[in-house]
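Work through the following exercises with the sequence and the model open beside you, and compare your own reading with each worked solution.

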Amino acid sequence: MDFIIEAVVKAIKDLYQTDIAAKDVNLQETRKEFEGQVTLVTFPYTKVSRKGPEQTGTEIGEYLQNALPEIAAFNVVKGFLNVSISDDFWINKLRNEILSDSFAVAQPNGKRVMVEYSSPNTNKPLHLGHIRNNLLGFSLAGILGAAGYDVVKANLVNDRGIHICKSMLAWQEFGNGETPESSGLKGDHLAGKYYVWFDKAYKQQIQELIEEGQTEDEAKKNAPLIKKAQEMLLLWEAGDEEVISLWKTMNGWVYDGFAVTYKTLGVNFDKYYYESNTYLLGKDIVDEGLEKGVFFKKDDGSVWIDLTDEGLDQKLVLRADGTSVYITQDLGTAQLKYDDYNMDESIYVVGNEQDYHFKVLFLILQKLGKEWAKGLYHLSYGMVDLPSGKMKSREGTVVDADDLMADMFKTAAETTEAMGKVDGFAEEDKAKLYHTIGMGALKYFLLKVDPKKRLLFDPNESVDFQGHTGPFIQYTHARIKSVLSKANYTAETSVNDIAELDGIERDLIVILSKFPETIIEAAAGHSPAVIANYVYELAKTYNKFYHEKPIMQAEEERQKRFRLQLSAASAKVISKSMSLLGIEVPERM
């Protein structure tokens with residue numbers, strides 16, 4: 001509504017001989033109980049008008065109505081000027097913008113952004129928490145791309161460390177040569193099985209040592225299994241051929257398993273980074289920090305940074321024996337990513353339990369004088385809970401991603417068949433539909449909530465065709481496609497013969513017109529929830545229009561044609577919105 005803002009600036013100048021900036025004009029969406037589409041808050045202008053807010057609003061309203069043919073009417077409620085925009089404006093908006101192929105297609109803005117998400121460990125399969133991570137990252141990457149950014153989707157794989165050695169050692173000790181082929185298990189599930197196995201055997205050894213008289217802390221350190229795992233890690237870091245061979249074999253199993261899960265989930269990546277390749281890189285940055293006086297050495301040779309002036313604490317960046325800690329490798333990887341892509345912004349999609357870690361990481365890089373560190377952003381998201389409670393990988397109580405998705409397909413099938421929505425579908429088409437609905441339900445439920453909030457995932461609630469859900473929006477799209485198919489609709493170029501709009505028709509065009517600005521808002525806020533809630537409101541508005549206004553039985557042919565165009569525009573924006581969430585919409589249900 002830039003033209004209204006410009007006119008308000010001119011109105012204040014002409015009416016009250018005062019210059020104001022366009023950024024100081026506060027336009028809002030008109031509340032539903034009042035007439036109009038745009039509201040101007042008039043209180044700020046009473047100082048220059050030297051009149052009450054209502055009289056000031058009336059004077060500005062009259063000025064706008066005389067100056068702009070697009071203004072059909074106005075009303076003033078206390079300090080709020082509500083402006084009604086003409087039907088011609090909205091009809092032209094539909095014809096010239098919304099129906100155009102270029103609608104909501106942003107021009108490249110010349111900025112590059114990296115979105116790093118997924119970041120799995122190669123000792124276990126992906127679980128429900130990983131699903132939220134992957135969906136947030138993939139969706140945000142799509143939204144940023146739609147907003148004009150050049151986007152790089154990255155995955156930093158945690159493929160080294162003591163936890164990886166635990167799976168390897170357990171397989172070595174108890175596996176009897178078991179493979180994905182011999183067991184029928186996906187490779188990531190097989191590795192996860194031995195991670196759980198290690199934990200159970202380790203706990204048993206701890207208990208035995210406690211019974212022999214050791215304290216719990218002593219038993220945890222002295223248990224034979226943990227000692228063997230630590231020895232294996234040292235051998236790995238020394239390049240022992242046998243350990244490296246086992247590591248490559250088991251990681252290969254896991255990567256094959258991950259690929260299947262990623263494909264089902266519908267996410268992908270442009271670049272993979274592996275911690276086994278990056279864990280040493282941070283040591284160069286540690287040397288740099290020591291030279292610059294940003295870091296300091298303690299008497300035992302360990303290297304630290306003092307962040308107490310920033311309200312944090314002292315942070316270890318290199319152990320006394322010269323080995324890396326997490327922050328060391330993250331410093332090196334951050335530098336490597338920037339060297340590779342020279343991006344303006346780098347977004348880390350990581351759970352909120354790592355908030356402190358990323359505060360420290362970003363602050364260290366800024367203290368080291370890395371200008372690009374200003375573009376680092378932690379998309380901190382809340383955990384996902386189930387009615388059954390919190391998940392723990394090492395105890396084998398996680399909600400496995402593959403199992404959850406399979407359950408979603410089953411739930412979608414049961415719900416859809418119970419409603420009789422697949423009569424006449426071939427079996428192959430049914431299976432595809434159940435996949436589309438199941439994934440739509442899962443993705444929408446996890447993305448509609450602000451990323452920062454913790455959420456409780458209810459699979460049955462997520463598949464409700466009448467609720468605030470993905471299937472409700474998918475069904476709306478299929479309903480529109482059914483109407484267009486029955487009408488043998490093809491795109492038309494003109495709606496000039498429609499002069500007036502009904503209220504719900506206008507409301508639908510208004511919400512459709514907001515799609516481009518909604519993409520920009522979601523990109524700026526790093527929040528797919530903005531798109532998710534927008535498309536839900538659009539689907540609700542279309543259904544209201546569908547129930548209130550006859551389309552095929554419209555009184556006049558021109559009304560029918562116009563309402564079909566409005567339906568086609570709604571289907572297009574619903575489809576594009578859902579695509580930004582990584583969700584497919586069916587043509588029929």
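**Exercise 1.** In which loop does Lys78 lie?

*Solution.* The model is predicted, so local features need pLDDT of at least 70 and side-chain atom pairs count only at pLDDT 80 or more, while totals for chains, interfaces and linings use all residues. Residues are numbered from 1 along each chain as its sequence is written, and side-chain values use heavy atoms, with hydrogens and water left out. Lys78 lies in the loop between β3 (71-77) and β4 (80-85), where strands are DSSP runs of E with at least two residues and helices are runs of H or I with at least four, numbered from the N terminus. The phi of Lys78 is near 55°, a positive value in a residue other than glycine. With 61% relative accessibility, Lys78 counts as exposed (exposed means over 50% relative accessible area, buried under 20%, partly exposed in between, with a 1.4 Å probe and protein chains only).

**Exercise 2.** Determine whether Ser118 is buried or exposed, and locate it in the chain.

*Solution.* Begin with the location: Ser118 lies in the loop between β5 (112-116) and α5 (128-146). Its relative accessible area is 1%, so Ser118 is buried. Although Ser118 is not a glycine, its phi is positive, at about 85°.

**Exercise 3.** Describe how helix α6 packs against helix α10.

*Solution.* Take the geometry of the axes, which are lines fitted to C-alpha atoms, for helices over the stretch in contact, with angles running from 0 to 180 degrees between N-to-C directions. The axes of α6 (residues 162-174) and α10 (residues 224-237) come within 9 Å and cross at roughly 115°. That makes α6 roughly perpendicular to α10, a term for angles of 65 to 115 degrees, whereas those under 35 are roughly parallel, those over 145 roughly antiparallel and the rest oblique. Next, list the contacts, meaning heavy atoms within 4.5 Å: Ile162, Cys165, Lys166, Met168, Leu169, Gln172 and Glu173 in α6 meet Leu225, Ile226, Lys228, Ala229, Gln230, Met232 and Leu233 in α10. The residues of this contact between α6 and α10 divide into nine nonpolar, two polar and three charged (Ala, Val, Leu, Ile, Met, Phe, Trp, Tyr, Cys and Pro count as nonpolar, Asp, Glu, Lys and Arg as charged, and the others, Gly among them, as polar).

**Exercise 4.** At what angle do the axes of helix α16 and helix α17 cross?

*Solution.* The axes of α16 (residues 401-418) and α17 (residues 427-447) cross at roughly 115° and come within 8 Å. That makes α16 roughly perpendicular to α17. Residues of α16 including Leu404, Met408 and Phe409 meet residues of α17, among them Leu433, Ile437 and Leu442. By class, the contact of α16 with α17 has 12 nonpolar, three polar and one charged residues.

**Exercise 5.** Which elements are included in what covers the buried residues of helix α15?

*Solution.* Helix α15 (residues 355-367) has 13 residues. The buried residues in α15 are His357, Phe358, Val360, Leu361, Phe362, Leu363, Ile364 and Leu365. What covers them includes β9 (303-306), β10 (314-318), α14 (326-341), β11 (345-351) and β12 (376-381). Just after α15, Gly369 takes a positive phi of about 85°.

**Exercise 6.** Is Gln474 buried or exposed?

*Solution.* Gln474 lies in helix α19 (residues 470-486) and is buried, with a relative accessible area of 0%. Leaving aside its neighbours within four places in sequence, Gln474 is in contact with residues including Thr436, Ile437, Gly440 and Met578.

Note on methods:
The expected span of a helix is 1.5 Å times one less than its number of residues.
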